[in-house]
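Work through the exercises below with the model open. Try each task before reading its solution.

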Amino acid sequence: MTTTMEDIVALCKRRGFVYPTSDIYGGLTSSYDYGPAGAELLRNIRNIWWNYFIKRRTDMVGLDSQILLHPNTWVASGHVSAFNDPLVEDKKTHKRYRADHLIEAWIQQHPDKALVVEDLTIDQMGEFIAANTIKSPDGNELTRPQKFNLLFETKLGVVEGEKSTLYMRGETAQGIFTNFKNIIDSTRVTFPFGVGQIGKSFRNEITTGQFIFRTIELEQAEIEYFFDPETTDWKTLMDEWKSAMWDFVTKELGVSAAHLRWRQHTDKERSHYSKDTYDLDYEFPFGWKELWGIAYRTNYDLTQHANLSKADLTYTDPKTGKKFIPHVIEPALGINRTFFMLLADAYRKEPARNTTHSVAGGEMRTVLAVKPALAPTSIAVFPLVANKPELVEKAKSVFLDLSKRFSVAWDARGNIGKRYLSQDEVGTPWCVTIDYTTLEDDTVTVRDRDTAVQERRNVTELSAYFQKKLDTIE
Ligand code: GAP
C-alpha cells in the first residue's frame with residue numbers, strides 16, 4: 001500500500017508529531033510545531049547526526065553560532081544580492097507562488113512539453129507561462145515572475161529611525177565561515193578538517209501544500225569541510241562525503257535505498273557559490289525531492305569574508321610555511337526533511353496482529369517501523385488496569401527504573417489492545433505490561449512492535465535486555 005501525504009499528515013496530528021503553528025489562530029504560513037512525539041524524534045535525529053559526523057570522527061569539531069550575525073556576513077556571502085526565488089502573483093486573489101513550481105506542476109499534466117525548469121532564467125519562465133497560458137491554482141492570470149529575496153529582515157535597536165537592519169540567518173553555514181579563524185586559533189585541528197553545527201535558519205519561502213518539506217523556519221545540520229586543494233583532490237573528497245551521507249541515511253537511519261538517488265545540479269541551477277553540487281533525493285509521497293545537498297563551495301566564502309571584513313583568513317601551514325585560503329566541501333542536511341522522510345519510509349498500514357489481548361478481528365493497525373534507536377520512546381509501561389493500586393505501584397517502579405536509562409512512556413488508559421495500537425503508531429518498539437502474574441513471580445510481558453509477539457521477562461533483567469536490543473538491532 002502506498003503511503004500518501006494525507007496518511008502522514010493525519011498520523012502527525014493524531015499522535016502528536018506535528019501541529020500547525022498557531023493552530024488556534026488559523027495557522028501561520030508554512031510553519032509547524034513539533035508535538036511531544038515529534039520533539040523526541042527531532043532530538044534523536046539531531047543526536048544521531050551529531051554522534052555520527054562530529055563525535056565519532058577525529059577530523060570534525062562542533063559549533064553553535066548565532067541566528068543573528070553581523071549584516072555584512074550576508075552581503076559578503078552573496079545572499080543579499082543572489083538568494084532569490086522567482087515569484088508570480090495571482091492577479092485576482094493576490095496569492096503568491098513560485099513560478100518554477102507552477103511550471104513543474106503544469107509540465108506534469110503536459111509531459112510532451114517537458115523541459116528542465118531549473119535551467120530557465122526568470123525571463124524564460126515568464127515567456128513559458130505566457131506562451132502556455134499557465135494559470136494560478138485558482139484559475140486566474142499571473143503576473144510576470146520577479147526576483148524575490150528569501151532573507152528575513154529584522155531590526156536591532158530601540159530608537160525608532162535609528163534601528164539597523166539585521167537578517168535572520170538563511171543558512172547555518174555562514175557562522176562556520178565567520179568563526180574559521182577563531183576555530184583555527186583555539187583548537188588543535190589539522191587539515192583537512194570539518195566544522196559541523198545544527199540550528200535554525202529562516203527563509204521567506206513561497207510555498208503551498210508541502211507540509212514540513214519547505215517551511216519558513218527550518219533546522220539545518222551543516223558541515224564545512226576545509227581542505228587545501230593542492231594536497232587534497234576535491235572530487236575524491238566529494239565522493240568520500242557522498243558515501244558517508246549515503247551510509248548515514250541507509251544504515252544509521254535505516255531508510256530504504258530504493259527511495260534514494262543522487263542528482264547532479266545543472267550549471268544554471270547551481271547556487272552562486274558552488275562549482276559542483278549534488279542532491280541526495282528521497283522519493284517523498286509527492287515525488288523525488290532534495291533531502292540533503294553537497295556542494296563544492298571552493299574558497300568563495302572565506303575569500304568574500306576576508307575582502308569585506310579585512311580579516312586575514314589565510315591559513316599558514318606550520319610545517320611548510322605555505323599560506324592559502326582553504327576550500328570547502330559542504331554537506332548540508334535539513335533536519336525537518338529527515339523527519340518527514342523517516343515518517344514516510346517507516347509508515348505501514350497492515351492487519352492488526354494477533355495478540356493475547358483483545359484486538360477486534362479485521363482491525364487494521366498503523367505502525368511506524370522506525371529503527372528502535374530513533375523511536376520517540378523506546379519502551380511503554382502499562383499497568384494492566386488503572387484501578388488496582390498494587391499493579392499501578394509496581395508498574396510505576398518499573399517505569400522509574402527503566403527511565404533512568406531509556407526514553408519511557410506511561411499509559412494506564414483504556415484496554416491493553418488499544419494501548420498497543422497507539423504505541424505502534426508512534427513507533428515504540430517495546431511495551432511492558434504489569435499484570436497479576438507480576439505480583440506473584442516478578443515477571444512482565446514484553447510485546448514487540450513489529451511481530452506483536454509477547455514474552456515474559458523477569459523485571460530484574462529488563463534493563464539489560466532492552467540495552468542489548470538497542471545495541472544490536474541494525
Ligand atoms: N548551506 C547550503 C544550503 O543551505 P540548501 O540546499 O539551500 O543549501 C540545505 O539547504 C538543506 O536544508 C536542504 O537540502 C534541505 O534539506 C534543507 N532546507 C532548505 N530549505 C528548506 C526549507 N525551506 N524548509 C525545510 N528544509 C529546508
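**Exercise 1: the ligand site**

An oxygen atom of the ligand sits 2.7 Å from a side-chain N or O atom of Arg-203. This is a predicted model, where local features need pLDDT of at least 70, side-chain atom pairs count only at pLDDT 80 or more, and totals for chains, interfaces and linings use all residues. Residues are numbered from 1 along each chain as its sequence is written, and side-chain values use heavy atoms, with hydrogens and water left out.

Task: which side chain has an N or O atom 2.8 Å from a nitrogen atom of the ligand?

Solution.
1. That side chain belongs to Glu-205.
2. Phe-213 uses a backbone N or O atom, 3.4 Å from a ligand nitrogen.
3. Alone, the ligand exposes 550 Å², and the protein buries 91% of that (Shrake-Rupley method, 1.4 Å probe).
4. S13 gives the most to the shell around the ligand: five residues.

**Exercise 2: one face of a helix**

Task: which residues of helix H5 (residues 99-109) are buried?

Solution.
1. Buried means under 20% relative accessible area, and exposed over 50% (1.4 Å probe, protein chains only).
2. Helices are DSSP runs (H or I, at least four residues), as are strands (E, at least two), numbered from the N terminus.
3. The buried residues are Ala-99, Asp-100, Leu-102, Ile-103, Trp-106 and Ile-107.
4. Down the axis of H5, they fall within an arc of 160°, so they line one face. The arc takes directions from the helix axis to the C-beta atoms.
5. The face turned away from the buried side carries exposed Gln-108 and Gln-109.

How values were computed. Polar contact = N/O pair within 3.5 Å; in protein donor to acceptor, adjacent residues only side chain to side chain.
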